[in-house]
Amino acid sequence: MKTKEKIIREKTYTGIPASPGIAIGKVFVFDSQEEVILSRPVQKDDLPKEIARFEDALIATRREILNIQKQIAQKMGLEHAEIFNAHLMVLEDRALIEEVIKRLEKEECNVEYIFQQVIRKYSEIFAQINDEYLKERSSDIRDVGRRVLHNLTGKKRDDLMHLSEEVIVIAYDLSPSDTALMHKERVIGFATDIGGRTSHTAIMARSLAIPAVVGVHDLSIKLMTGQNVILDGNRGVLIVNPSKSTLRSYQVERERILVFEHKLETLKDLPAQTLDGHKVVLSANIEMPEDIHSVLSHGCHGVGLYRTEFFYMNRTDLPTEEEHMRAYKEVAEKVWPHDVIIRTLDLGGDKFLSHLEIPKEMNPFLGWRAIRFCLERLDIFKVQLRAILRASTSKNIKLMYPMISGVEELKKANNVLEDVKQELKEEGIDFNNDLEVGAMIEIPSAALTADILAKHVDFFSIGTNDLIQYSLAVDRVNEKIAHLYQPAHLGVLRMIRGVIEAGHQGGIWVGMCGEMAGDPAMALILLGMGLDELSTSPATVPEIKKTIRSVRFSDAKDLADEVFRMTSTHEIEKRAMKLLQEVTPELVMLNQARAKRRKALRKRRTA
Ligand code: PEP
Ligand code: MG
């Protein structure tokens with residue numbers, strides 16, 4: 001007798017790629033949604049008992065969070081543990097506590113019900129504000145709220161620490177505490193309904209190297225524990241009930257990436273040197289001190305761009321000089337004997353900080369940002385400069401200014417630096433007086449006056465992410481015109497060549513920290529143009545090292561000469577890809593998947 005077989009169809013869900021890698025396995029739906037608590041009347045005389053229960057729950061939750069903080073500090077370092085300070089602050093929020101007690105006295109019902117209502121109200125208010133920082137506070141409030149409720153009701157939470165098999169976790173949201181404490185060997189990937197690439201959870205997934213996708217709407221409602229899935233953290237997709245052929249192609253891709261990455265690992269301790277002996281510095285871009293693990297494990301020659309904006313985000317106050325200094329020193333010590341180039345605050349554009357009251361602008365990328373902001377807010381700028389100078393006793397620290405548009409601005413920044421040095425001298429505080437200072441070249445006017453700027457700095461670092469958008473008048477975060485954002489445009493290449501030549505004629509070295517340096521085909525042209533340093537995301541460094549080690553410098557120079565005789569971007573890209581294909585064909589294959597991911601990332605950044 002024939003049984004009717006139910007055809008289970010493959011279904012793809014798309015979200016935001018939060019952490020790269022491919023995981024294939026079974027779903028575990030983690031119930032991080034809050035439970036429904038019903039209102040129950042309480043006699044007036046019993047209200048003090050309810051208040052006492054509430055206070056006990058707050059104390060128990062505080063103890064719990066301190067305990068988690070301790071565990072995380074031991075396992076992952078202090079920086080991760082500090083995230084929980086925000087949770088502790090919620091527990092100590094007088095306004096919130098008083099609102100619960102007032103409503104309790106007025107409504108005379110069980111405290112868990114009132115507490116849940118108040119927490120919901122707070123978290124919704126924060127979630128609706130169009131601001132990354134405040135949105136994240138909303139999930140902190142919910143996370144702490146859930147803990148307090150569990151302590152009030154005595155119910156145990158699901159936990160991700162005690163899993164008996166490998167799973168791909170699906171949740172409405174994962175709090176930093178869930179992520180930090182989950183069983184690292186058993187959780188092979190995760191996806192959440194909400195969240196963005198800059199949420200703490202996404203950041204942690206990347207540093208834990210767990211593939212992750214976030215922002216897949218309603219996923220935790222649609223999936224069930226036990227379903228088979230493929231989680232593709234490169235492209236930001238989740239494929240449920242994959243067909244045999246999808247599964248096979250992912251298995252092949254995963255194998256291929258693994259084999260190739262394993263091969264790249266063997267280059268870790270080797271220099272970025274061409275077949276005919278030309279060496280360049282190959283360093284990494286970082287955003288937080290914890291990224292340094294990845295810098296070290298990928299064999300990067302130090303840090304070519306330390307974006308310091310992260311210090312100012314996810315907090316309500318400004319970072320102190322001590323905080324800055326500790327972080328810079330930590331990074332410098334870890335990358336020793338290589339260098340770390342600290343970029344001063346590049347606030348603005350698409351990076352806003354809610355607590356600094358910056359008016360909304362029509363054209364934020366052309367507005368009051370980066371060095372322009374710092375030169376007006378000397379109170380903020382000087383704190384950072386003092387910290388960089390104090391940390392510079394390590395000798396492997398360099399400093400650079402973002403968004404320099406011309407020599408007057410550069411001189412002004414240098415004058416502030418001199419003032420700060422003078423202040424430190426007067427205070428008897430030690431620093432490296434010969435600290436190297438550089439300018440980012442990311443505005444066409446700076447590129448075109450690089451010969452003049454070269455007299456006032458020790459190095460240039462070309463920021464192509466901005467240089468391209470300003471040169472081609474293409475908003476870097478607008479997906480509608482993403483196809484017009486062309487690193488290989490002759491106009492961009494001419495500008496880069498001009499900067500390299502002006503820098504070298506002025507006796508200084510020239511590097512690049514824009515995304516373009518992380519594209520193997522473009523890296524061949526840049527190498528041929530004589531760039532001295534390339535800095536890209538740590539995980540990309542092995543590919544660029546492989547590219548450099550596979551080619552002759554003379555061939556890269558020929559390529560650079562040849563592309564300047566071409567007229568179309570497409571022709572230039574094709575010629576560079578041809579050389580890449582000749583010198584390292586495996587990289588061309590791997591790069592096709594990565595290119596898609598980068599494109600997706602760029603698109604998502606606009607959301
Ligand atoms: C750049 O503009 O190329 C750069 C590296 O800076 P950011 O991406 O932080 O603007
Ligand atoms: Mg920039």
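A residue is described here as buried when its relative accessible area is under 20%, as exposed when that area is over 50%, and as partly exposed in between (1.4 Å probe, protein chains only). The structure is a predicted model, in which local features need pLDDT of at least 70 and side-chain atom pairs count only at pLDDT 80 or more, whereas totals for chains, interfaces and linings use all residues. Residues are numbered from 1 along each chain as its sequence is written, chains are lettered from A and ligands numbered from 1 in the order in which they are written, and side-chain values use heavy atoms, with hydrogens and water left out.

By this criterion C513 is buried, because its relative accessibility is 1%, and C374 counts as buried because its value is likewise 1%. The structure contains zero disulfides, a disulfide being a pair of cysteine sulfur atoms within 2.5 Å.

The protein chain comprises 24 helices and 16 strands, assigned as DSSP runs (H or I, at least four residues, for helices; E, at least two, for strands) and numbered from the N terminus. Of its 607 residues, 55% count as buried. Where contact means heavy atoms within 4.5 Å, 68% of the contacts in the protein chain between residues at least 6 apart in sequence join residues at least 24 apart.

The magnesium ion (ligand 2) is coordinated by E442 (OE) and D466 (OD) at 2.0 to 2.1 Å. These two residues link distant parts of the chain, since E442 lies in the loop between β13 (436-441) and α16 (444-448) and D466 in helix α18 (residues 464-472), 24 residues apart. Donors are N, O and S atoms within 2.8 Å of the metal (3.2 Å for Na, K and Ca), and the site may look incomplete because water is not among the atoms. E442 counts as buried because its relative accessibility is 2%, and D466 is buried at 2% as well.

Nonpolar cores were defined as sets of buried Ala, Val, Leu, Ile, Met, Phe, Trp, Tyr and Cys residues joined through side-chain atoms within 4.5 Å. The largest has 110 residues, and those with the most contacts inside it are Y306, Y401, F460 and I496. Leaving aside residues up to four places away in sequence, Y401 touches several residues, among them I371, F381, L410, V437 and M440.

Helix α20 (residues 520-529) is mostly covered, with ten of its ten residues buried. D519 caps the N-terminal end of α20, a side-chain oxygen lying 3.0 Å from the backbone nitrogen of A521, and the helix is followed by G530, whose phi is positive, near 95 degrees.

Terms used: A polar contact is a pair of N or O atoms within 3.5 Å; within protein, one must be able to donate a hydrogen and the other to accept it, and residues adjacent in sequence count only if both atoms are side-chain atoms.
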